[in-house]
Amino acid sequence: YQDIKQARVLLRRTYEEYANSGGVKLVFVMASMLFDEGLVSPADRIKALELIDTDGVTLLATQMLASQCFTSVFVSGTVSENTLLNVREHCTWTSCHGPINTPNHPISGYVLPAGKSYELEIKGPPGDALAVVYYYIQMGERSDLKTYAMAKLAESVLSAHAFDELRMKRNLGYGIFTGMRMFKKTFGLQITIPTGQHSCEYVVEQIEEFLVILEKSVTRISDVDFLKLKQSLLDTVDEPAGDDAASNMFANLQPVHGSDGYGDDETHKLHWNNMEQVLNNTYNFGGKACEERLDTVFLKNLSLDDFYRFFHMRICSRSLLRSVLVMCKKAEEMSRNQKVQILAKILLERLHESGLILPEETLVKELEKCRDLDTLKDLSLERHFTGLGQAMKYKAFKLKLKVGGVLQKFAARLAQPKYNCGAVRETFYAIEDIQRKCHLVE
């Protein structure tokens with residue numbers, strides 16, 4: 001009974017961490033809960049665990065451990081899913097009471113309808129100062145290797161321009177995450193931006209403007225540059241997937257019985273950092289880094305015109321055929337002290353860009369004196385910049401900020417988007433409402 005009690009305590013602690021998580025972790029978890037059918041939430045696991053008692057554990061042990069004969073099946077190399085299913089059919093659990101029926105866990109995923117754009121508003125934990133936008137462009141089913149190959153090319157173009165455009169030029173956030181997102185049955189391209197400076201509405205508008213500019217960049221790719229782009233992708237096929245070192249997530253997990261430490265053979269190193277994907281059944285041992293095998297023959301024969309049509313139809317924000325999910329976790333209401341600390345960091349960065357230096361402690365004290373942190377109308381720093389040229393720089397700095405413009409994260413952007421953003425986006429507040437709009441793929 002003590003073991004059961006300990007399991008409940010550990011699971012509840014995990015649930016509390018999940019419930020209080022924010023930022024990028026929260027939107028990534030929500031994406032998996034939305035697109036992967038059959039996942040069990042921590043809250044439901046806790047409810048199920050509360051129903052287990054010692055009699056239930058005893059019965060389970062009697063059924064599973066009554067037989068003294070055990071068989072382990074080890075599969076190595078590249079194996080098709082059908083082969084694995086055949087192996088499972090030939091392996092049955094038996095006990096003194098006869099075969100044990102174990103229903104298969106459903107492995108299927110949700111697919112967004114073609115040409116639809118959905119927005120899911122997520123509420124974070126109280127006081128979470130970061131707003132996060134998860135912008136996901138659905139590519140299709142993982143079994144479609146031709147679409148996957150073109151999406152990998154698009155990922156290369158997207159990642160090559162995202163940092164300069166979204167981080168450096170538009171200053172949307174310090175961390176810009178882009179790339180492929182693989183679910184159990186589907187995949188797509190994602191742009192994730194956590195920000196303490198802007199509203200979700202403004203970040204989404206900037207991402208869609210960036211995608212229009214990105215399409216123009218694709219139209220300017222020459223045949224020679226396209227060949228180089230394809231060759232760069234082909235050259236990565238035989239490269240290692242990542243670091244040989246074990247990830248921190250599983251570094252402290254030791255086996256209950258058997259060897260100690262980590263294996264040092266190449267196969268173990270190759271798959272170790274993808275343990276999370278192995279456990280949630282999204283890892284493809286025949287591919288690389290949880291993804292699919294790259295169809296090199298198709299990629300070599302792919303023309304620039306076909307790639308441009310794919311990009312225009314499936315990725316560009318003006319397309320009426322693409323399928324998009326935008327998850328917005330807005331910044332939660334925070335304490336005055338939290339506002340002061342965030343504003344201080346933002347203003348220090350802006351002051352530095354204008355050639356003005358001010359100690360952080362001094363700026364924090366000045367902000368604490370402000371009665372209105374939403375507009376900063378009573379913030380005055382003139383006396384700190386009285387030197388030659390400093391006063392003029394500060395006047396230009398105040399004019400550039402336009403009094404309170406630094407606080408865009410507290411107010412939605414009112415200006416209309418500059419670009420036609422394709423399909424009208426529908427807003428939802430629950431995962432289940434979006435899932436009802438989708439269809440399942442096995």
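The crossing of helices α13 and α14 is right-handed, that is, the near helix is turned clockwise from the far one by less than a right angle. The model is predicted: local features need pLDDT of at least 70, side-chain atom pairs count only at pLDDT 80 or more, and totals for chains, interfaces and linings use all residues. Residues are numbered from 1 along each chain as its sequence is written, and side-chain values use heavy atoms, without hydrogens and water.

Helix α13 spans residues 336-353 and helix α14 residues 360-369. Their axes lie 9 Å apart, at an angle of about 130°. Axes are lines fitted to C-alpha atoms over the stretch in contact, and angles run from 0 to 180 degrees between N-to-C directions. Contact means heavy atoms within 4.5 Å. Among the residues making it are Val 340, Leu 347 and Leu 351 of α13, and Leu 363 and Leu 367 of α14.

Now the whole chain. It has 16 helices and 11 strands, which are DSSP runs (H or I, at least four residues; E, at least two) numbered from the N terminus. Of its 442 residues, 41% are buried (under 20% relative accessible area, 1.4 Å probe, protein chains only).

Beyond four places in sequence, Phe 307 touches residues including Met 150, Leu 153 and Phe 226.

Definitions and conventions: Buried < 20%, exposed > 50% of the residue type's maximum accessible area, 1.4 Å probe, protein only.
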